[in-house]
Amino acid sequence: MHPPPTRHSALIHLPLAACCGVLGALLVLCFQTALHAAESLLAGHASGLVEIAGRLAPWQRALIPIVGGLLAGVALEQGRRLLRGAAEGDYLEAVRVGDGHLSLRRTLVNGLSSLITVASGGSIGREGAMVALSAQGGSLLTRLLPMTLPRRRRLVACGIAAGWAAAYHAPLSAIAFVCEVVWRRPDWRALPALLLAALTASLTVDHLFGLAPLYHPAALAAPDHLALAGYCLLALVLGGCSPLFLGLMELGRHAFGRLPLRLPFRMALGGAVVGGLAWFWPQMWGNGYSTVSWLLVSEPAWQLVLTLLVCKLVATAATSGSGAVGGIFTPMLFAGAAGGALAGQLLNLLLPGWRPGWRRASPPGWARAPCTGTSRRAANKTSQSP
């Protein structure tokens, strides 16, 4: 039982939010460092999963996700056995209906399993583990001082915002994510602390490694009113398709849940789906970040874009449905980018004389976005953060 809160605890809530931002950014960077170390172990250097897959023989990039899925499943299964009696729930429950406390051991077990899945090419986002670790940092800070239940929940929400801001270099979208997804409604009293945590996390990443943009689109001409209207229409169409994406993820979970297999073998089967597709398309490895960067600077044929989109949706549904720990937001960004590229190809067919202001680049299939000048060091450290 915590003693009743005092006025002193209320006064230091904002400094605690700032500390939460720093701690969340450091935890995210630790996870990134571990991923870069795994990539270096796999290929001798941290150059991105899709680029690594492109340099491997087809049988190697097909086998590695299977082995990775098996190992991640073993880590998750054995970890859950050791966690019997530990607190259940995730950071969403801790903020919405919980007491703000998260199990440190459970977070570490899930983080280890997610690290193995992502490092072995699983088609799932790394932001899930990053945000969970940052939320855990906020939960640990709630134990330092007595505070009310709403303040404990808000501090964990600050950890979520800090993790999102550090992973995507987008503090404003981190606040929107917490308000729309975590809280499902704005909490105006908590916005100052939330904003402070997100900005502090971004500044911490910027101070340590430089806050380079995650994506480097080609220079585009200023759009006219007709183009802006078309962009709004495209956004509405893609937004309307988002339930289909989520439904496909749910279908994958339902299909794998009916299999009479232990968790490690289900996750190995999910890795087999990814590996089978990666035999032909190395872009199936990872969360889709590298392919989005490629789409932003090139004009591939619509047949290739459509093929990659369908295969990536299947690979993500298999990875997520098999029980792997991770996020699906970055794969959703891939789906949106592919949808935009297909819309551009359709306009090219309907209006042959219309050409968007995209800079054509020789498509290597797994090339990273260009990075020049002083931002190269920062991009090497942070550009693979989603």
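## Cavities

A cavity is a set of grid points where a 1.4 Å probe fits but cannot get out. This predicted model holds 3 cavities of 30 Å³ or more. The largest cavity contains about 80 Å³ of space.

Its lining is made up of Pro65, Gly69, Thr117, Ser120, Gly122, Met267, Gly270, Gly271, Val274, Thr319, Ser322 and Ala324. Two helices, H4 (58–82) and H12 (263–278), each give at least two residues to this lining. H12 has the largest share, with 4 residues. By class, the lining of the largest cavity counts 8 polar and 4 nonpolar residues. No charged residue takes part.

## The second largest pocket

The second largest pocket holds about 1200 Å³ of space. Its lining includes helices H5 (91–96), H6, H7 (127–141), H9 (171–183), H11 and H15 (329–350), each with two or more residues. H7 gives the largest share of this lining, 5 residues.

In total, 36 residues line the second largest pocket. Nearest its centre lie Asp90, Tyr91, Val325, Gly326 and Gly327. The lining divides into 19 nonpolar, 11 polar and 6 charged residues.

Ser114 belongs to helix H6 (residues 104–119). Its relative accessibility is 0%, so Ser114 counts as buried. Leaving out residues up to four places away in sequence, Ser114 touches Phe31, Ala129, Val325 and Gly326. Val325 and Gly326 are also among the residues nearest the centre of the second largest pocket.

Gly252 sits in helix H11 (residues 225–257). Is Gly252 buried or exposed? At 10% relative accessibility it is below the 20% cut-off, so Gly252 counts as buried. Residues up to four places away in sequence aside, Gly252 touches Ala317 and Gly321. Gly252 and Ala315 are 63 residues apart in sequence. In space, their C-alpha atoms are 9.8 Å apart.

## Aromatic pairs

A pair of aromatic rings is described by the distance of the centres and the angle of the planes. The structure holds 5 aromatic pairs. In one of them, Trp164 and Tyr168 have ring centres 4.8 Å apart and planes at 40 degrees, so the pair is tilted.

Trp164 is buried, because its relative accessibility is 5%. Tyr168 is buried as well, at 9%.

A further aromatic pair joins Phe280 and Trp281. This pair is tilted too, with 5.8 Å centre to centre and 55 degrees between the planes. Phe280 is exposed, with a relative accessible area of 58%. Trp281 counts as partly exposed, at 26% relative accessibility.

## The ring cluster

Which residues do ring pairs link into a cluster? They are Trp164, Tyr168, Phe177 and Phe329.

Technical notes
Residues are numbered from 1 along each chain as its sequence is written. This is a predicted model: local features need pLDDT of at least 70, side-chain atom pairs count only at pLDDT 80 or more; totals for chains, interfaces and linings use all residues. Side-chain values use heavy atoms; hydrogens and water are left out. Rings of Phe, Tyr and Trp (its six-membered ring) pair if their centres lie within 6.5 Å; planes under 30 degrees apart count as stacked, over 60 as edge-to-face and the rest as tilted. Buried means under 20% relative accessible area, exposed over 50%, partly exposed in between (1.4 Å probe, protein chains only). Contact means heavy atoms within 4.5 Å. On a 1 Å grid over the protein atoms alone, a cavity is a set of points where a 1.4 Å probe fits but cannot get out, and a pocket is an open set with protein on both sides within 12 Å along at least five of seven lines; lining residues have an atom within 4 Å of a point. Grid points are joined across faces, edges and corners, and a volume is the space filled by probe spheres set on the points. Ala, Val, Leu, Ile, Met, Phe, Trp, Tyr, Cys and Pro count as nonpolar, Asp, Glu, Lys and Arg as charged, and the others, Gly among them, as polar.
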